[in-house]
Amino acid sequence: MTMSYNISSSEVEMEWWISSIPKVELHAHLNGSIRNSTLFELARELGEKGTIVFSDFEHVIKKNDRTLCEVFKLFDLIHVVTTDHKTITRITKEVVEDFAAENVVYLELRTTPKRNDSIGMSKRSYMEAVVDGLRSASSNILDINFSCDDLEKFSKLPTKKRIIVRLLLSIDRRESTASAMETVKLALEMKDMGVIGIDLSGNPTVGEWETFFPALKFAREQGLSVTLHCGEVPNSVEIQEMLNFRPGRIGHACCFQDEEWRKLKLYKIPVEICLTSNIRTETISSMDVHHFANLYKENHPVVLCTDDSGVFSTNLSNEYALVSSAFGLGKMELFQLARKAVDFIFAGNEVKMELLKVYESAARTLEYN
Ligand code: IMP
Ligand code: ZN
């Protein structure tokens, strides 16, 4: 009895400690990060209106382990209940509040701008609904700060009340070159609203690199940062093309061969590591063979991320706890891992400097034993 009490109390203490360190989230999909309670509430409402059959929906949502392909079917279902302006604004607000509540101090939130003529939604109006969500969160959370004007104040705000959010626009692999280009142009138009980059995501078994390349190249030429979902399925040719593009970061890197590891390390491309997502979608069979261990040991740039905290029932603190238990990282290493993520953010130097101040101040107050 005493033994189990001791173990659980130290686990609780570690959980508390992890949740109190400032964290940086660089790979979070808006609709994948939806609160479960919100998802069910929305589905129930549509069920009552007869738009969907709630029990079918509930069955799919409650399933825990899904293959990568099943996950994309689930996203199509989620989009049925989430994609109207009001709901997108609400989800954005809640997602930002949830990250802030676990001490995420900088969030790059990505989402795929969607067009739905039947409800008068354009890619632009979808993104404006997202920005409205950021603004409504800022009224009670501080600090969605688009101008950087009062960044100095940032580090002085109480914890759980400070979060800087930047947006990445995702290109879905089902899109055409013209549609991808439209998203990039929209991102450029929305630079003063916190949009700083482009992501390529969606079902990795769909679409060709050549389709997206012109838009991604244009994005970079115009000063946007680019991150790519890379190597979620084995596809050597595409992985090499992606690495040769030299994106600012890549997500996942699950199905790499020796040559691809060599290239990744040579180019020092930071990897967004999403442990729970990789295990849940069975792209990695178990934690003990996860590539995090090797990349971390070799000091390759890595950042822990959630991917889809709602869909995979996780949060960023949980991802840090997993790394600690699976790979034996102690408090000092976890803190350094969190702090190092600042180097890989897409926002500019002003934001980086402010975040480093937050870490300096946390380092003075946190205990490491
Ligand atoms: P949204 O862009 O806000 O609608 O977030 C959900 C979308 O993100 C999905 O429809 C996918 O296109 C993308 N996504 C989420 N998780 C993954 C993943 O693990 N791999 C590739 N794409 C993903
Ligand atoms: Zn992702």
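1. Basis. The model is predicted, with local features requiring pLDDT of at least 70 and side-chain atom pairs counting only at pLDDT 80 or more, while totals for chains, interfaces and linings use all residues. Residues are numbered from 1 along each chain as its sequence is written, chains are lettered from A and ligands numbered from 1 in the order in which they are written, and side-chain values use heavy atoms, with hydrogens and water left out.

2. His-27 (NE2), His-29 (NE2), His-229 (NE2) and Asp-307 (OD) coordinate the zinc ion (ligand 2) at 2.1 to 2.2 Å. Donors are N, O and S atoms within 2.8 Å of the metal (3.2 Å for Na, K and Ca); water is not among the atoms, so sites may look incomplete. The arrangement is irregular because the four donor atoms subtend angles of 82 to 169°. Four donors count as tetrahedral if all angles lie between 85 and 135 degrees; four count as square planar and six as octahedral if opposite donors are over 155 degrees apart and all others between 65 and 115; anything else is irregular.

3. Zinc donors in sequence. The donor residues follow the spacing H-x1-H-x199-H-x77-D. His-29 belongs to strand E1 (residues 23-29) and His-229 to strand E5 (residues 225-230), so this pair ties together parts that are 200 residues apart in sequence. Strands (E, at least two residues) and helices (H or I, at least four) are DSSP runs, numbered from the N terminus. Both His-29 and His-229 are buried, where buried means under 20% relative accessible area, exposed over 50% and partly exposed in between (1.4 Å probe, protein chains only).

4. Ligand 1. Among the 17 residues around ligand 1, the nearest are His-79, Thr-111, Thr-112, Lys-114 and Asp-308; a residue is near if one of its heavy atoms lies within 4 Å. A polar side-chain atom of Thr-111 is 2.6 Å from an oxygen atom of the ligand, and one of Asp-308 is 2.7 Å from a nitrogen atom.

5. Helix H10. Within H10 (residues 258-267), Glu-260, Trp-261, Lys-263 and Leu-264 are buried. Seen down the axis, these buried residues fall within an arc of 165°, so they line one face of the helix; the arc is that of the directions from the helix axis to the C-beta atoms. On the other side, Asp-258 and Leu-266 are exposed. Just after H10, Lys-268 adopts a positive phi of about 50°.

Key. Polar contact = N/O pair within 3.5 Å; in protein donor to acceptor, adjacent residues only side chain to side chain.
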